[in-house]
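Dear colleague,

I am passing on the structure we spoke about, with the sequence alongside.

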Amino acid sequence: MMKYTLFVGCNIPARIQQYELAARSVVDKLGIKLVENQEFKCCGYPMQTSDNKTFLLMAARNLALAEKEGLDMMVLCKCCFGSLKKAAHQIQQDPELQEEINRFLAEEGLKYSGATEIKHFLSILYHDVGISVIKEKISTPFTELNIATHYGCHALRPSDVTQFDDPVQPSIFDDLVKVTGAKSVDWALQLECCGAPLMGVNDTLSMDLAEKKLVDCSRAGADYVCVGCPYCQMQFDRVQNMMVSERELTDEIPSIVYPQLLGLAMGIPEQSLGLGMNMLDITTLESFIKMETEIDSE
Amino acid sequence: MYYKFMVYMALSVFAVGLIYTVFNWFRFSIGINVKDVSPWGRITAAVRGISSLFNKEKLSILGRVFVQDILLQKHIKKQDKLRWIMHMLIFSAFMFLLIFHALDKIIVTPLHDRFYLMMNPWLIIAGLIVLAGLSISLYRRYILKVPRLKTSGMDLYTIIILVIIILSGLFMEITKLSSYEYYQKIWWVHISVCLFGLAYLPFSKMFHMITTPLSLLCNAVMDENSDPANIATRQVMELDACTHCNTCNQHCSVAVAYDNLGNDNILPAERMSFLKEYVANKKISAKKLRSIQQGIYLCTNCDRCTVVCPAGINLRELWFSAREELIQRKQPVDLMMTPFSYFRGLNHQRIDKEKYDLPLENVLNVLTADCDLSAKTLDAPIVLNQEANEFRQAMGISERTDTFSYCFSCENCSTVCPVVINYADPQQSLDLLPHQIIRSVALGLKDLATGSKMLWNCLTCYQCQEHCPQGVKVTDIFNKLKTVSIEDHK
Ligand code: HEM
Ligand code: SF4
Ligand code: SF4
Ligand code: SF4
Ligand code: SF4
């Protein structure tokens, strides 16, 4: 049985509980066991551009905690994923730094050696579970549903560090969407930033970037954007909702976190996926589910 | 005679203190949205708020909170069994002593006139129970090595005053049966300490026996749509409801930043202590201001503190109010240029536009002040001095940032940058383009390299880095430049 320690970060429990809820429901159905660790704290992401040492310590403490449990990490947020990966990379390249960090961690009886693998939720589904196994669990596939997959910067790049997927022509997310019966549309701005890192610093710029992406995927014929990161989700859900009033955005296109999409196709009930917790209405998604008769006749 | 005088003195100090503290809840405020409501307006708002509670739905909520969170203190139990046992021992036995012993003449004797005769053994047992609870409290604070548990003078006072009250009371009950002379002496000690505790109660942490339940009740029936005047009042009251129990410190997501930086104000419970003083006196030194600004901005708004606080304090909203007020002060907050601003951005509709933009502009102006492009004309010589060399060396040390020297100015990075693409006149709006920043690093031009608007508007999306044919770690270099600049501006 596959077993991971779940790292949810700061955003999900405070603002996007539906992501964790849906991910847990899906993972449970796939027979994966998740271990809780109440001791995990901020991954260090917001600290990266002001104080590198503190950033590394914040990340390393989490990694050391996972190491103590002897488990690999399942990370839901792409920014958490990216910063944990970056910290691990930086520390492993520099033995002196590693020693310094370990001296700090020793105060809490912890040690970082790099034994734990940091994995994003989508990678686990794709590589560790596998498309074929997921396919077996799909009971109510979608039909005629067009999804725009948004990869998210901090998982994809810098690719030499994150090793998430091919940085120029990634495919794992599209394959994960296709297995639900939905179609993954091609769109020009797919790999661009959602704008979230500048929210609060330069809101106009942040919303410009989000708006461009939304317009682009809507023109490409997508019914929904699909994401695997709370920051991206916030940008396309709550911030889009703000843009509707602030910018008279017309091409509204709701966003969904991947486990909500997968969960519906696996026949998991709506409440266990938190569909009602999104800000923009996504309950219409269910109308894309193939009717029983259609499945039979296939 | 003397005794009566002391009692009345203590009672009057207590009453004045109580009125003073409660009035302060209506007088003080924290945050930028509530300044213009007078104390009187706040009092009437509170009366209106309270009178709206008399319906079945609200009363049943209040009733449930009273039983579960105030009498049974489930919040504490959820955190830690030992602490719950500690507090239940103190709380239940002390309440018993208060009703059946301290106030016996008022409450029980009228019901049963020879009551005090049969009370003696029970008082001793209750005293011992309180002592047991206090021992656990001391054990937790001084012997158990709980990380980030801070004990303030007030925490110690609270425990010690109770220890003295109980110990003197126990001796009194025991000597009562043997030596009248000793009994009289100890009686005076006991009475003096009790009266002192009573007089000082409104100013001490012991006041939490009133405010903590009040906070739990208020937060059960209030939300973000409640009258802003009432929210303002509640937020000041919440500062008195904090028991400095340190639950929030233990769960705080950025506690590791505290471990490394050593700024107490990063820890939420310490911030509460700071704010409590701050609401009453907003004149603080520049140094203190810097420390609290860092502390309050270094918060991921993860809500964990709010979820765990056994006093039911809505810390999320309290941080929001306090943060807004503290960043409006002149001193710029460099952390505003980092993702710690995220939550504030999400809530920009709640803040007046001008006030929202001002602190951001302030800090950007400071960070970009040195980037003077007009002085860098084509024929102005570039000075390669010691400082330039030091800067280049500092950039070259680690974190893959030494790759700047591989750059051959192909401009790929600037071509793929979504920020550059977003502006019709990028050079004007952003001062420098990404490849020019890299060039500035290579030339040792620290003022340009760390001061362009481009740098501070970089998303960290890594497109540039991924597309650089020379393997220049453009984004890593930018991140390093930001940390260098923030360090310089401390
Ligand atoms: C009426 C409702 C009350 C509530 C809801 C309440 C709540 C709390 C809470 C949440 C703490 C922090 C617990 C901890 O540190 O683990 C605390 C601490 C404390 N409480 Fe209460 N309290 C109440 C009444 C009382 C009473 C009547 C007393 C009696 C004197 C009392 C004495 C103390 C003491 C001494 C501490 C300090 C423990 C320490 O910090 O180590 N409390 N209270
Ligand atoms: S804010 Fe709440 S959790 Fe934190 S010390 Fe005060 S009472 Fe305890
Ligand atoms: S919201 Fe802020 S203060 Fe509270 S636990 Fe999270 S990081 Fe700490
Ligand atoms: S892409 Fe690389 S080589 Fe080209 S200008 Fe940018 S940093 Fe220099
Ligand atoms: S990381 Fe910064 S400079 Fe590089 S492409 Fe993204 S926004 Fe532009």
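This is a predicted model: local features need pLDDT of at least 70, side-chain atom pairs count only at pLDDT 80 or more; totals for chains, interfaces and linings use all residues.

Residues are numbered from 1 along each chain as its sequence is written, and chains are lettered from A and ligands numbered from 1 in the order in which they are written.

Ligand 1 holds an iron atom, which is coordinated by B:His87 and B:His208, each through NE2, at 1.9 to 2.0 Å (donors are N, O and S atoms within 2.8 Å of the metal, or 3.2 Å for Na, K and Ca, and water is not among the atoms, so sites may look incomplete). The six donor atoms make angles of 83 to 179°, and the site is octahedral (six donors count as such if opposite donors are over 155 degrees apart and all others between 65 and 115). The two histidines join distant parts of the chain, since B:His87 lies in helix α5 (residues 81–102) of chain B and B:His208 in helix α10 (residues 208–221) of chain B, 121 residues apart; helices here are DSSP runs (H or I, at least four residues), numbered from the N terminus. B:His87 counts as buried at 19% relative accessibility, and B:His208 is also buried, at 15% (buried means under 20% relative accessible area, with a 1.4 Å probe and protein chains only).

Around ligand 1 there are 25 residues, and the closest include B:Arg83, B:Ser137 and B:Arg141 (a residue is near a molecule if one of its heavy atoms lies within 4 Å of it). Helix α5 of chain B gives the most to this shell, with seven residues. An oxygen atom of ligand 1 is 2.8 Å from an N or O atom in the side chain of B:Arg141.

Ligand 2 has 13 residues around it, and among the nearest are B:Cys242, B:Cys245, B:Cys248 and B:Cys309. Helices α12 (247–251) and α14 (268–280) of chain B each supply at least two residues of that shell.

In chain A, A:Glu20 sits in helix α2 (residues 17–29) and is buried, with a relative accessible area of 17%. Beyond its neighbours within four places in sequence, A:Glu20 is in contact (heavy atoms within 4.5 Å) with A:Leu6, A:Val8, A:Ile12 and A:Leu76.

With best wishes

How values were computed: Side-chain values use heavy atoms; hydrogens and water are left out. Four donors count as tetrahedral if all angles lie between 85 and 135 degrees; four count as square planar and six as octahedral if opposite donors are over 155 degrees apart and all others between 65 and 115; anything else is irregular. Buried means under 20% relative accessible area, exposed over 50%, partly exposed in between (1.4 Å probe, protein chains only). A polar contact is a pair of N or O atoms within 3.5 Å; within protein, one must be able to donate a hydrogen and the other to accept it, and residues adjacent in sequence count only if both atoms are side-chain atoms.
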